[in-house]
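Hi there,

Here is the structure I promised to pass on to you. Have a look at it first, and then read on for what turned up.

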Amino acid sequence: MEAEFRARAACPPAKERETPPSSPAAASPAEDAPLLLGDGVVRRRAMRERFAERSVSFRRDVGHAAAETFLLTRLTFTLLRYLGIGYKWIRQFLALCCYALLLMPGFIQVLYYYFFSSQVLRSVVYGEQPRNRLDLYIPAGSTGLKPVVAFVTGGAWTIGYKGWGALLGRRLAERGILVACLDYRNFPQGTIGDMVEDVSQGISFVCNNIARYGGDPERIYLVGQSAGAHIAACTLVKRAIKECGEGDTSNWSVGQLKAFFGISGGYNLLNLVDHFHKRGLYRSLFLSIMEGEESLRKFSPQVLVKDVAVRSAVSLLPHIILFHGTSDCSIPHAESEAFLDTLQQRGAKVDLFLYQGKTHTDLFLQVIIVSCGTGTIWKDFFV
């Protein structure tokens with residue numbers, strides 16, 4: 001009995017055994033759930049706070065950038081006013097930018113044609129000066145020699161470029177007419193005397209070499225637009241005077257040209273100095289382009305034709321056809337009307353076509369270019 005009692009004392013029953021205290025690691029998931037839920041709420045709250053801080057910082061940065069942009073724009077406009085460029089000029093510039101943006105789809109098509117068409121021969125060299133280049137637009141799939149147009153682009157004597165004639169060249173080439181768009185030195189690279197010299201060399205190249213490209217040297221027409229019309233008219237009149245006085249026809253002769261087309265040109269610079277000054281081409285700049293005030297007369301075709309001493313030279317001039325819009329503010333249509341009267345008084349063969357309501361740009365884009373496609377204007381002359 002004593003032995004049995006000792007065995008029970010050493011190993012008590014299971015229900016009498018003490019359960020050891022549970023450790024924190026042994027806590028049930030149910031007991032830990034509130035703690036986990038609390039951590040998620042804290043994290044979400046922290047994320048919202050950080051997002052709010054970033055939003056405030058972003059709004060502050062945007063506001064700061066907008067304020068700086070406004071200040072810079074206001075200072076720019078103030079500076080332009082001090083430089084003599086008013087809000088009217090700036091408004092016109094912005095309108096021009098919007099106008100160019102609207103025309104962008106058409107420009108892209110013309111640029112693609114200009115750079116990638118096999119009908120365009122770009123930058124053919126005609127002289128020794130850097131800008132003595134011309135572009136040729138050759139009719140596709142045609143046989144026989146074709147009529148030729150030598151085109152002098154406009155650009156206020158400062159931004160003229162042969163590429164400006166791409167649309168005209170394309171349209172005329174579609175009508176079976178070969179077009180040579182002449183480039184020339186612009187101011188400040190050159191003055192008006194250099195421009196006239198370059199155009200004269202370009203015409204000489206066309207007269208003497210165009211047959212190699214499929215053009216008919218017996219059917220060459222000179223066309224100028226805006227400042228290009230003035231430069232071309234100067235070149236033509238000065239060449240006629242030189243031939244009449246010196247008999248020099250070594251390079252080219254005005255007799256090789258079938259006609260001259262002047263589009264929206266200015267032909268008496270004495271009447272245009274103040275007009276251009278009001279339009280933004282300031283007097284000092286314009287006189288620099290024209291080699292000084294004393295040179296205005298010798299680079300004004302209308303004034304040159306008025307001179308009694310050149311009466312015989314006028315008889316050498318080809319048929320002259322002038323185009324002008326009555327709403328042209330860049331160069332008033334009175335310029336073409338006065339040139340017409342002077343030429344008629346000297347016995348020259350001349351015609352004038354006035355287009356009611358057409359502006360400087362309208363006439364070239366809407367009338368001249370469209371007429372190239374339909375042939376309504378050119379069919380009576382390009383024969």
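**What was found**

S226 is buried, with a relative accessible area of 10% (buried means under 20% relative accessible area, exposed over 50%, and partly exposed in between, with a 1.4 Å probe and protein chains only). S226 sits in the loop between β5 (215-225) and α7, where helices (H or I, at least four residues) and strands (E, at least two) are DSSP runs numbered from the N terminus. Its phi is positive, about 60°, although S226 is not a glycine.

Before going further, a word on the source: this is a predicted model, in which local features need pLDDT of at least 70 and side-chain atom pairs count only at pLDDT 80 or more, while totals for chains, interfaces and linings use all residues. Residues are numbered from 1 along each chain as its sequence is written, and side-chain values use heavy atoms, with hydrogens and water left out.

**Another serine, and a cis bond**

S123 also has a positive phi, near 60°, in a residue other than glycine. This serine lies in strand β1 (residues 120-125), and S123 counts as partly exposed because its relative accessibility is 35%. The backbone has a further feature at F187 and P188: the peptide bond from F187 to P188 is cis, with omega near 10°. P188 belongs to the loop between β4 and α6.

Is strand β7 mostly covered or mostly open? It is mostly covered: in β7 (residues 319-325), 7 of the 7 residues are buried. In a regular strand the side chains alternate between the two faces of the sheet. In β7, H319, I321, F323 and G325 point one way, I320, L322 and H324 point the other way, and all of them are buried.

Strand β7 has partners too (two strands pair if DSSP finds at least two bridges between them). Strand β6 (residues 257-263) pairs with β7 in the parallel sense over 5 bridges, and I263 stands opposite F323 in β7. Strand β8 (residues 350-355) is joined to β7 by 6 bridges, and these two strands run parallel; here I320 stands opposite V350 in β8. To get from β7 to β8 the chain passes through helix α12 (residues 334-345), in a right-handed β-α-β crossover. Right-handed here means that, with the strands pointing away from the viewer, the path from the first strand over the helix to the second runs clockwise.

A polar atom of the H324 side chain lies 2.8 Å from the backbone oxygen of I331.

Strand β4 (residues 178-182) is largely enclosed by the rest of the structure, because 5 of its 5 residues are buried. On one side these are L178, A180 and L182, and on the other V179 and C181.

Strands β3 (residues 146-152) and β4 pair in the parallel sense over 5 bridges, with A180 in β4 as the bridge partner of A150. Between β3 and β4 the chain crosses through helix α5 (residues 166-174), and this β-α-β crossover is right-handed. Strand β2, by contrast, runs antiparallel to β4, and 4 bridges join the two. The bridge partner of Y137 in β4 is V179.

R133 is found in strand β2 (residues 133-137). With a relative accessible area of 25%, R133 is partly exposed. The C-alpha atoms of R133 and Y161 are separated by 9.9 Å, and the two residues are 28 apart along the chain.

I hope this helps you find your way around.

Best wishes

How values were computed: Polar contact = N/O pair within 3.5 Å; in protein donor to acceptor, adjacent residues only side chain to side chain.
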